[in-house]
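This report describes one protein chain for a reader who has its sequence and structure at hand. Please examine both before reading on.

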Amino acid sequence: MRPAGGKGAARRAPNACRLLGRRAHGFYARDAGVALRKNMGLLRSLLCQESTTFKNVWTTHSASPIAYERGRIYLDNYRCCISSIAQEPRILYQKPKCSKSEKIEDALLLECPLGEVLPNPSDYKSSLIVLTAQNWLLRLSADSGEILEKIYLAGSGCKFRYLSWDTPQEVMVIKSAQNKLPAASRQAGIQQSVLFHLAVFQVLPLSFVGMLEINKKIFGNSVTDVDVSNGILIVMYSMGLVRLYNFQAITEQAKNGIQDMKCCSLEPDWIYFHPDMSGRIIHVGPNLIKVLKLKEVESNTDQTEISEDFIIVANREENCVNSSVTVTASGRVVKKRYNLLDDDPEQETFKIVDYEDELDLLSTVAVTQIGADGRAHLDLHCNEQGILLKSIPLLESWDVTYSHEVYFDRDTVLHIEQKPNRRFSCYVYQMVCDTAKEDECSRCEKTERVFCKKGGRIFEYI
């Protein structure tokens with residue numbers, strides 16, 4: 001029998017059966033947070049095992065864009081809501097068709113804050129904040145689609161289109177589309193100085209905080225995009241430059257505040273604050289992901305500098321297609337007159353970076369496309385050090401000419417893709433442990449596609 005104490009016991013990995021037994025006997029009854037953390041730790045351990053795989057359990061298609069938020073799949077411009085948790089699709093609600101003016105441009109999931117007294121009973125349940133085509137800001141019940149709050153964003157020729165969090169679940173930013181003058185105005189010599197508008201709201205209840213204009217005269221002519229995160233205004237420029245500003249004071253403070261990815265690509269790199277609230281910054285290029293951290297300058301405590309925490313590098317072989325010299329079948333040496341771009345589809349390129357907060361995992365999607373066949377894989381990395389823990393291949397082909405979204409949520413992976421003629425597909429994968437017996441059965445039986453109709457929609461089981 002092994003002694004209860006000592007170094008050997010300290011190094012031992014947590015026993016899943018023992019932890020589940022303690023939960024069954026009510027050890028965590030007074031602290032639900034402890035039970036949840038233990039459960040998520042068990043799930044992370046199971047997920048990262050070599051024998052654990054992800055299986056494509058069902059697929060659906062749509063003529064309109066498909067969205068996903070925390071276990072809910074939204075179709076038909078958020079009129080149809082489907083649960084992705086079960087192995088079979090379950091329709092939560094369906095709403096009647098709406099006019100074009102009521103079309104939803106973007107949405108955010110709002111979850112109940114812990115330990116706070118809220119004004120209305122409905123505030124304690126999850127809700128969806130949506131932005132309509134006519135600049136209406138609505139808060140809808142996530143379970144029924146019922147309108148809970150409604151605010152009109154004054155027009156002033158400003159078309160709002162995007163929603164994002166400044167402080168997650170507390171402060172929201174609404175960004176306009178880039179302002180562009182009509183052709184007649186440009187021909188008349190009129191110049192557009194305001195590029196974007198940013199409106200800031202607090203949530204529960206929705207209340208207006210302030211509005212900011214991104215003006216060429218202040219921020220320069222080469223601004224390509226703008227974002228706000230954790231009180232920092234992030235302004236992106238052409239040629240891969242990024243500037244960080246104090247959003248409240250709009251005064252520039254940061255040593256190394258301008259980050260350059262030093263890459264040659266058609267698609268711009270992107271940068272944002274890490275969603276884990278650590279204050280770190282994620283800077284993503286075609287073949288490199290940098291996780292950066294802010295720290296005080298030793299010689300000046302009033303100033304901060306940006307330093308590298310860790311990097312994740314795409315898997316590109318030394319003798320990749322980017323070689324400037326090739327040898328033909330006859331042995332003749334031919335030198336190329338051009339080099340491939342860093343985001344050339346024939347090289348493994350990062351397309352998506354996300355964070356699973358409950359499992360504390362950083363997820364990346366890398367794609368390689370040779371000819372018409374593109375292959376992608378979802379990699380799970382340790383959030384603290386960037387170590388690769390698990391790689392999940394996506395079975396369906398990936399066409400880089402169309403838009404894709406991949407979501408990793410606990411034991412579920414979703415791949416939403418756009419196809420030609422504005423057709424959209426959603427592939428749902430779920431975690432499967434110890435598949436030895438399943439593999440034996442699958443070798444004997446042919447994989448058949450089964451089609452099922454629910455709520456007037458066709459679902460495909462694989």
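The model is predicted, and the count of disulfides in it comes to 0. Cys48 is in no disulfide, and the nearest cysteine sulfur, that of Cys382, lies 9.4 Å away. Cys382 likewise is in no disulfide, its nearest cysteine sulfur being that of Cys48 at 9.4 Å.

| Residue | Relative accessibility | Class |
|---|---|---|
| Cys48 | 23% | partly exposed |
| Cys382 | 13% | buried |
| Ser229 | 11% | buried |

The classes follow from a cut-off: a residue counts as buried under 20% relative accessible area and as exposed over 50%, with partly exposed in between. Ser229, at 11%, is therefore buried, whereas Cys48, at 23%, is partly exposed.

Ser229 belongs to strand E14, which covers residues 223–229. Apart from its neighbours within four places in sequence, Ser229 is in contact with Trp165, Asp166, Ile234 and Phe273.

**The chain as a whole**

The secondary structure of the protein chain comprises 6 helices and 32 strands. Of its 462 residues, 42% are buried. The chain exposes about 26,300 Å², and carbon and sulfur atoms supply 51% of that area. Among contacts in the chain with a separation of 6 or more, 45% are between residues 24 or more positions apart.

**Strand E29 and its partners**

Which strands pair with E29, and in what sense? Strand E28 (residues 404–409) pairs with E29 in the antiparallel sense over 6 bridges. Strand E30 (residues 423–432) also pairs with E29 in the antiparallel sense, over 8 bridges.

Individual residues show how these pairings are arranged. Asp409 has Thr412, in E29, as its bridge partner. On the other side of the pairing scheme, Glu417 stands opposite Ser425 in E30.

Each pairing also forms a hairpin. The hairpin of E28 and E29 has 2 residues between the strands, and Arg410 there takes a positive phi near 55°. In the hairpin of E29 and E30, 3 residues lie between the strands, and Asn421 takes a positive phi near 60°.

Notes. Residues numbered from 1 in each chain as written. Predicted model: local features only at pLDDT ≥ 70, side-chain atom pairs only at ≥ 80, totals over all residues. Heavy atoms only, no water. Pairing = 2+ DSSP bridges. Helix = DSSP H or I, 4+ residues; strand = E, 2+ residues; numbered from the N terminus. Buried < 20%, exposed > 50% of the residue type's maximum accessible area, 1.4 Å probe, protein only. Contact = heavy atoms within 4.5 Å. Areas by Shrake-Rupley, 256 points an atom, 1.4 Å probe, with all protein chains shown as cover. Disulfide = S-S within 2.5 Å.
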